[in-house]
Every structure is written in C-alpha cells, then in structure tokens.
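I opened my notebook beside the structure. The entries below record what I looked up.

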Amino acid sequence: MTEVIKKAVECVREIDKTSSKEKKDKYLSTVKGLASMIIQNGLYGTILFLKVKGHDELIKHLDTLVQIQTGEENFSQQVIDGTAEQNSKYFKIQYAALEGVKWLRRYADIYLGGEEND
C-alpha cells in the first residue's frame, strides 16, 4: 500500500470516528462529486468552492495527499490567499489532487456507508 492510500484511509477513518452522521453524509456526498468538480472547474475553483461551503477537513485532506505526492505544502492556502497563480507545478498538483480524491472516495464509500446512502 502506498503512502497516499494509507493517508487516505487515515483521513476517512478520522471522519468516521469523530463526526456526526450528518457530517459523515456531507463529507461522503462532497467527495463523491469532487473529481468531476476538479475536472470541470479546475483545482483553484474547487478549493475556493470547498472553502466557501465550509469543507475545511476535506481541504486539509487534499492538501495532505497533494503534499505526499508533490512536496507542495499548503497549496489550498496559496489558492485562498491568491498566491498560487504563479505555481509552475499546477498540473502536477491537480493530477495529485485527482489521484488523492480517487482514494478518498473509495474509502469514504467503505467506511462512511456509501452504498447505504445511494
């Protein structure tokens, strides 16, 4: 198991252990549509949407998974502060985010009861 997969499991299990049913359902619902949101709106737009909607834990999880793959720290804060525009690694970071979302979604379905909620 790679470090990204291990961290995705850890992130989702944290939500499972510490959150209310409502918060778990919100996390699961959001993570299910996250990959298509990134593809459609780009990573910048997606991070800003998540921030406005109060998905701070999911933003933190994305940052962690991006950092593991690219070494880029606190990318979402750069986006929020408006300083990420000049980042030459944007496409690599976006790909890393999509890869991380893939694993978050898989484990959210397993731990948060994705099949039961459909």
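**Entry: Tyr-107**

I started with Tyr-107. At 16% relative accessibility, Tyr-107 counts as buried, because buried means under 20%. I found Tyr-107 in helix 5. I then looked up what Tyr-107 touches. Leaving out residues up to four places away in sequence, Tyr-107 touches Ile-5, Val-9, Val-12 and Leu-112. How far apart are Tyr-107 and Val-9 in sequence and in space? They are 98 residues apart in sequence, and their C-alpha atoms are 6.1 Å apart.

**Entry: confidence**

This is a predicted model, and I noted that before going on. The protein averages a pLDDT of 91. I also noted that 94% of the residues score at least 70. Where is confidence lowest, and where is it highest? It is lowest in helix 6, residues 114-117, at a mean of 49. It is highest in helix 3, residues 56-70, at 96.

**Entry: helix 1**

Next I checked the length of helix 1. Its 16 residues, at 1.5 Å a residue, should span 22 Å. The end C-alpha atoms are 22 Å apart, so the two values agree.

Which residues of helix 1 are buried? I listed Val-4, Ile-5, Ala-8, Val-9, Cys-11, Val-12 and Ile-15. Looking down the axis of helix 1, I see these buried residues fall within an arc of 160 degrees, so they line one face of the helix. I wrote a reminder here. An α-helix has 3.6 residues a turn, so residues three or four places apart point the same way.

The face of helix 1 turned away from the buried side carries the exposed residues Glu-3, Lys-17 and Thr-18. What covers the buried residues of helix 1? The cover includes helix 2, helix 3 and helix 5.

**Entry: the core**

I turned to the largest nonpolar core, which has 34 residues. Tyr-27, Leu-34, Leu-43, Phe-75 and Leu-104 touch the most other members. The elements giving two or more residues to this core are helix 1 (3-18), helix 2 (21-52), helix 3, helix 4 (75-81) and helix 5 (90-111). In soluble globular proteins, nonpolar side chains tend to be buried together.

Not counting residues up to four places away in sequence, Leu-34 touches Thr-46, Leu-50, Leu-58, Leu-62 and Val-101.

Thr-46 is found in helix 2. Is Thr-46 buried or exposed? Thr-46 is buried, with a relative accessible area of 0%. Its side chain reaches the backbone oxygen of Gly-42 at 2.8 Å. Beyond four places in sequence, Thr-46 touches Leu-34, Met-37, Ile-38 and Asn-41.

Thr-70 lies in helix 3. Thr-70 counts as buried at 13% relative accessibility. A polar atom of the Thr-70 side chain lies 3.1 Å from the backbone nitrogen of Glu-72. Again leaving out residues up to four places away, Thr-70 touches Lys-89, Lys-92, Ile-93 and Ala-96.

**Entry: Asn-74**

I ended in the loop between helix 3 and helix 4, where Asn-74 has its place. Asn-74 counts as partly exposed, at 48% relative accessibility. What is phi of Asn-74? It is near 50 degrees, a positive value in a residue other than glycine. I set a general rule beside that. Most residues other than glycine have a negative phi.

Notes. Residues numbered from 1 in each chain as written. Predicted model: local features only at pLDDT ≥ 70, side-chain atom pairs only at ≥ 80, totals over all residues. Heavy atoms only, no water. pLDDT = per-residue confidence, 0-100. Helix = DSSP H or I, 4+ residues; strand = E, 2+ residues; numbered from the N terminus. Core = buried A, V, L, I, M, F, W, Y, C linked by side-chain atoms within 4.5 Å. Buried < 20%, exposed > 50% of the residue type's maximum accessible area, 1.4 Å probe, protein only. Contact = heavy atoms within 4.5 Å. Polar contact = N/O pair within 3.5 Å; in protein donor to acceptor, adjacent residues only side chain to side chain. Expected span 1.5 Å × (residues − 1). Arc of directions from axis to C-beta.
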